[in-house]
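Dear colleague,

Please find below the structure that I am passing on to you. My notes on what was found in it follow.

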Amino acid sequence: MQLELRHLEAVCRIAEAGSLGRAASRLGVSQPALSAQLRRIERVAGGELFVRGRHGVEPTALGQFVLAKARRVLSEMEDLTAGARAVAPGTPLRLGCILLVLLDGLLEQIERELAGREITVDVEHSVTALARLLGSGRYDAVLYGEVNDHEVPLPEGVLARTLIPREPFCVRLPADHPLAARTEVELADLAEEPWMTLLEDDDGGPEALVAACARAGFTPSLRYRITDRKMHWDLIAAGRAVSVSQPTAPAAEGTVLRPLAGSPITGRIRLAWNRAAVPAAQAELLYRAAGRAYLAQVDNNPFHRAWWDAHPELHPVLD
């Protein structure tokens with residue numbers, strides 16, 4: 001067996017994630033499959049690359065050596081891919097996103113700003129995967145979110161710009177929930193509720209929720225993690241869970257959105273692009289398209305419109 005790029009990528013993802021389970025999730029494979037692949041890689045390398053430590057798996061001395069070489073090789077391949085796309089004529093602009101509310105109107109705005117340019121848009125459920133695929137040349141630009149103080153590490157050769165510096169997350173409740181009649185909800189009053197999330201575990205969302213609940217005096221029961229938006233809403237309407245939500249989220253039958261008192265959880269939306277594949281003028285057009293798509297959703301909820309109007313310093317600059 002000879003080592004291939006996919007083997008080098010697996011080693012790097014294990015080191016970045018700090019555990020085989022998280023690395024497997026981000027690579028889109030099962031943990032047993034990744035463990036078997038690691039054993040094969042270690043046989044070729046001549047020894048163990050990782051050992052279990054206090055905070056997960058940690059690279060051995062041999063692992064550190066292999067990681068340094070692997071990162072260099074992968075970086076060279078990323079440069080090759082991005083450079084080739086930059087000079088190839090007629091290639092489509094490839095945009096990757098996570099499941100943000102503004103996606104509902106993003107395509108319309110992109111078509112308006114980049115009229116005549118072929119565009120592909122894919123949705124990923126992992127912010128880490130999104131950044132990795134941007135670095136490898138799979139995407140030319142990505143639109144993603146971060147929660148509270150979490151910052152997504154970006155690969156070399158990438159530029160980023162914050163679209164929305166801060167938005168206060170709200171809570172989606174069943175319409176017949178006792179707290180639904182309130183104009184805002186105290187997080188502590190949700191201590192006994194089962195929680196659901198659309199978010200992957202690498203954007204800071206679950207950590208932010210757990211930390212906010214700890215400050216409110218309880219540990220949340222994270223019951224469900226569902227990527228399908230309609231199923232997510234249907235389960236809430238059925239009274240089986242509550243969830244945090246972007247304040248621009250649309251109405252859903254059988255549910256209500258209410259702001260959380262004190263804004264204990266906030267989000268941030270950013271645009272990042274490969275500078276070798278996306279010229280500055282085109283990045284500006286993407287920024288404007290995403291900004292207009294967000295603004296089109298602000299009126300979905302009156303409480304967010306009021307908050308938004310009170311914070312003009314957070315508005316995207318679109319002129």
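Threonine 266 is part of strand 12. Please note that the model is a predicted one. With a relative accessible area of 15%, threonine 266 falls under the 20% limit, and therefore it counts as buried. Apart from neighbours within four places in sequence, threonine 266 is in contact with Glu146, Val147, Asn148, Arg166, Glu167, Pro168 and Phe169.

Isoleucine 269 deserves a separate entry. When its neighbours within four places in sequence are left aside, its contacts are Leu100, Leu102, Leu143, Tyr144, Gly145, Thr162, Leu163, Ile164, Glu167, Gln246 and Tyr294.

**Two pairs of helices**

Two packed helices are described by the angle between their axes and by the distance between those axes.

How do helix 5 and helix 9 cross, and at roughly what angle? The axes of helix 5 (residues 103-113) and helix 9 (residues 280-295) cross at roughly 140° and come within 8 Å. Helix 5 is therefore oblique to helix 9. Their crossing is right-handed. Helix 5 contributes Gly105, Leu106, Gln109, Ile110 and Glu113 to the contact, while helix 9 contributes Leu285, Leu286, Arg288, Ala289, Ala290, Arg292 and Ala293. By class, seven residues of this contact are nonpolar, two are polar and three are charged.

The other pair consists of helix 2 (residues 20-27) and helix 3 (residues 31-45), whose axes are 9 Å apart at an angle of about 105°. The two helices are therefore roughly perpendicular to each other. On the side of helix 2, the contact involves Leu20, Gly21, Ala23, Ala24 and Leu27, which meet Gln31, Leu34, Ser35 and Leu38 of helix 3. Six residues of this contact are nonpolar and three are polar, with no charged residue.

Yours sincerely

Note on methods. Residues are numbered from 1 along each chain as its sequence is written. This is a predicted model: local features need pLDDT of at least 70, side-chain atom pairs count only at pLDDT 80 or more; totals for chains, interfaces and linings use all residues. Side-chain values use heavy atoms; hydrogens and water are left out. Axes are lines fitted to C-alpha atoms, for helices over the stretch in contact, and angles run from 0 to 180 degrees between N-to-C directions. Helices (H or I, at least four residues) and strands (E, at least two) are DSSP runs, numbered from the N terminus. Angles under 35 degrees count as roughly parallel, over 145 as roughly antiparallel, 65 to 115 as roughly perpendicular and the rest as oblique. A crossing is left-handed if the near helix is turned anticlockwise from the far one by less than a right angle, and right-handed if clockwise. Contact means heavy atoms within 4.5 Å. Ala, Val, Leu, Ile, Met, Phe, Trp, Tyr, Cys and Pro count as nonpolar, Asp, Glu, Lys and Arg as charged, and the others, Gly among them, as polar. Buried means under 20% relative accessible area, exposed over 50%, partly exposed in between (1.4 Å probe, protein chains only).
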